[in-house]
Amino acid sequence: MDKMEHGRSHITTAFQNALATQTAALMPYFTLGYPDRETSLAVVEAIAPYSDLLELGVPFSDPLADGPTIQRSTQIALENGTTTAGCLEMVRELRGRGVHVPIMLMGYYNPILAYGLAPYVQDAAAAGVDGFIVPDLPPEEADELEQAATAVGLCLIHFLAPTSSPERVAMVAARAQGFIYLVSLTGVTGARQQMQSNLGDFVNRARAQTQTPLAVGFGIGTPEQAREVGALADGVIVGSKLINVADGAVDKPTAVAAFVRSLREALTATAPTGD
Amino acid sequence: MDLTMQLPKIDVPDERGKFGPYGGQFVPETLMPALAELIVAYEQARADPAFLAEFDYLLKTYVGRPSPLSHARRLSQHLGGAQIYLKREDLNHSGAHKINNALGQALLAQRMGKQRIVAETGAGQHGVGSATACALLGLECIVYMGEVDIARQQPNVARMKLLGAEVRPVSSGSRTLKDAINEAIRDWVTNVDTTHYLLGSVLGPHPYPMMVRDFQSVIGLEARKQILDMAGRLPDMVIACVGGGSNAIGIFHAFRDDESVQLIGVEAGGEGIAGGKHAARFANLNLARVGVLHGAKSYVMQTADGQIMETHSISAGLDYPSVGPEHALLRDQERAGYTYATDEQALAAFQTTCRLEGIIPALESSHALAEVIKQAPKMRPDQIIIVNLSGRGDKDLDTVLAVLA
């Protein structure tokens, strides 16, 4: 693992490599510790070959940006005894099992505060984490964690939403690292029947102000939707649907990997051939 | 001369919503523009004499303000110490102090062109207040309420429905107030263009702790004037219960600069501090550490791993794991002191107040009365305690009768 890039350059390279062969990078989400420790590790290991980056969920008791699917998964992970430290240990184990793609930890701010900002980013870096996605930490409150993360070479990912004003787009563009997480809709996480019709306008508004890769998440649940979003943005994030697929399968790693592979193929099939 | 919102200019929060190290805006990006819009709308409304006049008019002609300050003569005599005065928020229309803030925010929502209101409720008093204000102003009202709270506050559930509100049961987490707030925030994130979140306490992201304080400050402004009229002097002590802390902030603020007036907040001690089944955030700083919940930094009851703990109190309105950021600052500054009353002590105070004063207090307010019972006997008969009787206890009869049976 010594030769592996980490942090910002690891993330940047992943987007560059993906965009060279596909329309967009694929970043699946899965909850660590769901439905139990071993199964979640097996699922992540199985989907890694079809993923350009991974977003792994650290459970919190009060996930207010998440819809029912991810809420339930994190609740069960907590009931199974999953802790923040345990999640870092799982990342270390995944690295040991040969998972090399960039890993983003998605978790709410309170457990990070409880762990301690500096110890958290240091232990995360040592475990092989590349960046942090913290849904309840807007740029106005992010200075401390961002400085701590940057000090160890890791990224704090910032969000933009359809409601973000031009001023906020500019503010996020100015301090973005790695990529910007575009929330596709006003709402919580969870697969939807249809993507927002004005998603293209939103992506273009952000694009006009930054060269940083733009990854779109929330509401994406089918290969068709992934293809649609991949044609607009640099990255596609799919979360709740992976939990749903796991729930409906006996052999969860195989079933989730097959689904992620279908997303990957949808993105690859539409890669522009010319220009 | 009306007293509405005539607070002296206060130095907190700052423009980022910080009360010293507490407060702030820890919310998803989707809500940040809505908070910015709310701050602007509130500042404009606060500076608009027409808005203040309308708020004042409704407080007087609809809520029934000013609420009386009652001299609790038999209770004072029984305790044999200080003279006890009750600030009668229980006599407000809809039965608690919650209506002050609900009306203020509903008027603001109407001014902002938002026709849909979401609210959370624990004891149901804020839900009833919100449903009442929405019926009065013709706004759609959706109230999120934990399943546990729905079971123990049935009369208020029925009231909200009669008033035209939709009560949505919340089955996630501990199924109490904190989970109702999570769901209300999720709804707000989803419907932010059309919806105002009518948060019921001095909690949540900026500007809520400031705005709710301002709308509730009428309690203390009236009480201060009333005690000067009735007793010719300021009180020695002001006592209020603290869940999120809106009735306490509401009565404390007018006395903040009166250094001789001791301010005491009473948290829910539940079954006692030792066993951990309580909601006394300040009483056990091993369990309650500075953290972030529902958009604000404050003291939060949590596990070593940063998971929010389930709290316990006989009173649904105090059953919450965090506390308003301004209370955290008042405690740091030692301007206010914080203590707790157990379920048992609150119940005893409830019964005493019923029998000696002919008033059935809310179980929340009974926690403040329990502290009065501890403090008054230690004081002289020429000293004065004002206690905020924040709500009436009709809603709690099922709970109380079950325990007393």
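Colleague: What share of the contacts in chain B with a separation of 6 or more comes from residues 24 or more positions apart?

Modeller: In chain B, residues 24 or more positions apart account for 73% of those contacts. Keep in mind that this is a predicted model.

Colleague: What does the predictor say about the complex?

Modeller: The complex gets an ipTM of 0.95 and a pTM of 0.96. For chain B, the average pLDDT is 95, and 98% of its residues score at least 70.

Colleague: How many helices and strands in chain B?

Modeller: Chain B has 15 helices and 14 strands. Its radius of gyration is 19 Å, close to the 22 Å from the globule rule for 405 residues, so chain B is as compact as a globular protein of that length.

Colleague: And the box around chain B, along the principal axes?

Modeller: The C-alpha atoms of chain B fill roughly 55 × 50 × 40 Å. Of the 405 residues in chain B, 68% are buried. The chain exposes about 13300 Å², with carbon and sulfur atoms supplying 51% of that area.

Colleague: What about charges in chain B, how far apart are the mean positions?

Modeller: They are 3 Å apart, taking the 38 positive and 45 negative charges of chain B.

Colleague: Switching to chain A. How many helices and strands there?

Modeller: Chain A has twelve helices and eight strands. A compact globule of 275 residues would have a radius of gyration near 19 Å, and the 17 Å of chain A agrees with that. The C-alpha box is roughly 45 × 45 × 40 Å along the principal axes.

Colleague: What percentage of chain A counts as buried?

Modeller: The figure is 61% of the 275 residues. The accessible surface of chain A is about 9900 Å², and 51% of it belongs to carbon and sulfur atoms.

Colleague: Down to residues. Where is A:Thr84?

Modeller: A:Thr84 sits in helix H4 of chain A, which covers residues 84-96.

Colleague: Buried or exposed, that A:Thr84?

Modeller: A:Thr84 is buried, because its relative accessible area is 2% and the cut-off for buried is under 20%.

Colleague: Which residues does A:Thr84 touch, leaving out those up to four places away in sequence?

Modeller: A:Thr84 touches A:Val58, A:Pro111, A:Tyr115 and A:Tyr120 in its own chain, and B:Asp305 in chain B.

Colleague: Next, the loop between E7 and H10 of chain A. Which residue there has a positive phi without being a glycine?

Modeller: That is A:Phe218, with phi at about 85°. A:Phe218 lies in the loop between E7 and H10 and is buried, with a relative accessible area of 12%.

Colleague: And A:Gly219, where is that?

Modeller: A:Gly219 is in the loop between strand E7 (214-217) and helix H10 (223-230) of chain A. A:Gly219 counts as buried at 5% relative accessibility.

Colleague: What does A:Gly219 touch, beyond four places in sequence?

Modeller: The contacts of A:Gly219 are A:Leu185, A:Gly190, A:Ala191, A:Arg192, A:Met195 and A:Gln225.

Colleague: Which peptide bond next to B:Pro13 is cis?

Modeller: The cis bond joins B:Val12 and B:Pro13, with omega about -5°. B:Pro13 lies in the segment before strand E1 (18-19) of chain B. Another cis peptide bond joins B:Arg65 and B:Pro66, at an omega of about 0°. B:Pro66 is in the loop between helix H2 (49-63) and strand E3 (69-71) of chain B.

Colleague: Last one. Why is helix H9 of chain B called largely enclosed?

Modeller: Nine of the nine residues of H9 (residues 208-216) in chain B are buried, so the helix is largely enclosed by the rest of the structure. Among them are B:Tyr208, B:Arg213, B:Asp214 and B:Phe215.

How values were computed: Residues numbered from 1 in each chain as written. Chains lettered and ligands numbered in written order. Predicted model: local features only at pLDDT ≥ 70, side-chain atom pairs only at ≥ 80, totals over all residues. Heavy atoms only, no water. Helix = DSSP H or I, 4+ residues; strand = E, 2+ residues; numbered from the N terminus. Rg over C-alpha atoms; globule rule 2.2 N^0.38 Å. Buried < 20%, exposed > 50% of the residue type's maximum accessible area, 1.4 Å probe, protein only. Areas by Shrake-Rupley, 256 points an atom, 1.4 Å probe, with all protein chains shown as cover. pLDDT = per-residue confidence, 0-100. Contact = heavy atoms within 4.5 Å. Lys, Arg positive; Asp, Glu negative; His and termini not counted. Charge placed at Lys NZ, Arg CZ, Asp CG, Glu CD.
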